[in-house]
Amino acid sequence: MSIINVCIVGCGRISTLNALGYVGHPDARIYAVCDINESQARSRAVEWQAEVVYTDYRDVLKDPNIHAVELLVPHHLHASMTVQACKAGKHVSVQKPMALSLEEADLMISAAKEAGVKLKVYENFVCYPPYVKAKQLIDAGEIGEPISIRIKSNAGKKGMGWHIDASTWAWRMKEEESGGGPLVFDDGYHKFSVAMYLLGDVEKVNAWIDRTETVPGISWQDAPAMIMWKYRDAKKYGMMDIMSSPDLTIATNYYGIDERVEVTGTRGVLWVTRCTAKMMQIPALMVYKDGKMETYNHLRDDWADSFVDSTKDFIEAIKQDREPMLSGERGREVLRFALAAIESSKRNKEVHLDELESGKTM
Ligand SMILES: NC(=O)c1ccc[n+]([C@@H]2O[C@H](COP(=O)([O-])OP(=O)(O)OC[C@H]3O[C@@H](n4cnc5c(N)ncnc54)[C@H](O)[C@@H]3O)[C@@H](O)[C@H]2O)c1
């Protein structure tokens, strides 16, 4: 195929950022869109100059002109839509969290392997340029041996940043559709992913994940939450602190959620911030070593940049016949980490990620 024809499936809130990497790309284009909400699909098609509009996913699968699907739908649809697309011979980019369970993730991975198509889990934080640079610096030994990571996630006052339709929140409040809470399971997937991207595979986790109603009887959050883990095969530890401050105004162009990450090494310390929001008006990446602070002021650091680069990775993976940055297997490992944290909180004890494999006692 000379140009990869993509169908964007699910034209809701996040599709506006997913589309950015395709617009003007020499090797791919948004050929079709699909959404059960026809007017939404039609208006996005005009915006992205897509040729075809579908309202039924089965028609997308039958269209031989479509080479790849970008799945931007509620979580409970990820697994079945991925498996169906693979069987129809389409490459798949599926949003995080890839599935609701490890069993679903396994079905997705096998379906892609059997069909010989690419499966990308679209977790864009690992493409945020300051995290990419941080990883290069860590791998190059700039802070010595990494020994810990601290991830701070702050959700602020509702209504900050871009407009979010009530329908976008509605399915997230139903656990059978979302698979878990909005801060740890949904948004948290990004942070579990970053923790693994920067420091490696995780062995065990210990977590307290509370539940707070935001609008009584209607909406809730899986916070406050404190999650701690140990990396595999090394004295390396991590912790994540996910808090919601309902009266905190967060400067943002997107969601009102701010992240700050600190990685400690044997020789230096590194900080990354301003991925989703703009709370800290400091360079997005700073490194302290040998008694001096080095700042990285010229990195692309808009949250949208991580989407553009993540989409480029999907296109290149297809063109170059290589694994995408977050393959199905890596995406499953991030999911296992998230599920282990949730399980630890439920059981009120430490959980080894391996315990989540079937056949192991819980
Ligand atoms: N990478 C990120 O930072 C990020 C941010 C937000 C959302 N997401 C992910 O993107 C996905 C979508 O989230 P959103 O916030 O855009 O949700 P949304 O509710 O705004 O959009 C979902 C869209 O899917 C459509 N849809 C539902 N069922 C469908 C079906 N059977 N066929 C076709 N279309 C269908 C809905 O009509 C809606 O337009 C989720 O998986 C979410 O976790 C990722």
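Asparagine 348 is exposed in this predicted model, because its relative accessibility of 58% is over the 50% cut-off. This residue lies in the loop between α11 (328–347) and β17 (351–352), and its phi, near 55°, is positive although the residue is not glycine. Most residues other than glycine have a negative phi, and most peptide bonds are trans.

**Positive phi**

- Aspartate 290 also has a positive phi, near 55°, and is a residue other than glycine.
- The loop that holds aspartate 290 runs between β15 (285–289) and β16 (292–296).

**Cis peptide bonds**

- Lysine 96 and proline 97 are joined by a cis peptide bond with omega about -25°.
- Proline 97 is placed in the loop between β5 (91–95) and α5 (102–115).
- A cis peptide bond also leads from alanine 223 to proline 224, and its omega is near -5°.
- Proline 224 belongs to the loop between β10 (219–221) and β11 (225–231).

**Packing of α9 and α11**

- Two packed helices are described by the angle between their axes and the distance between the axes.
- For helix α9 (residues 182–199) and α11, the axes come within 9 Å and cross at roughly 120°.
- The crossing of these two helices, α9 and α11, is right-handed.
- On the α9 side, the contact residues include Phe185, Tyr189, Phe192 and Met196.
- On the α11 side, they include Arg330, Glu333, Leu335, Phe337 and Ile342.
- The residues of the contact between α9 and α11 comprise 13 nonpolar, 2 polar and 2 charged.

Conventions
Residues are numbered from 1 along each chain as its sequence is written. This is a predicted model: local features need pLDDT of at least 70, side-chain atom pairs count only at pLDDT 80 or more; totals for chains, interfaces and linings use all residues. Side-chain values use heavy atoms; hydrogens and water are left out. Helices (H or I, at least four residues) and strands (E, at least two) are DSSP runs, numbered from the N terminus. Buried means under 20% relative accessible area, exposed over 50%, partly exposed in between (1.4 Å probe, protein chains only). Axes are lines fitted to C-alpha atoms, for helices over the stretch in contact, and angles run from 0 to 180 degrees between N-to-C directions. A crossing is left-handed if the near helix is turned anticlockwise from the far one by less than a right angle, and right-handed if clockwise. Contact means heavy atoms within 4.5 Å. Ala, Val, Leu, Ile, Met, Phe, Trp, Tyr, Cys and Pro count as nonpolar, Asp, Glu, Lys and Arg as charged, and the others, Gly among them, as polar.
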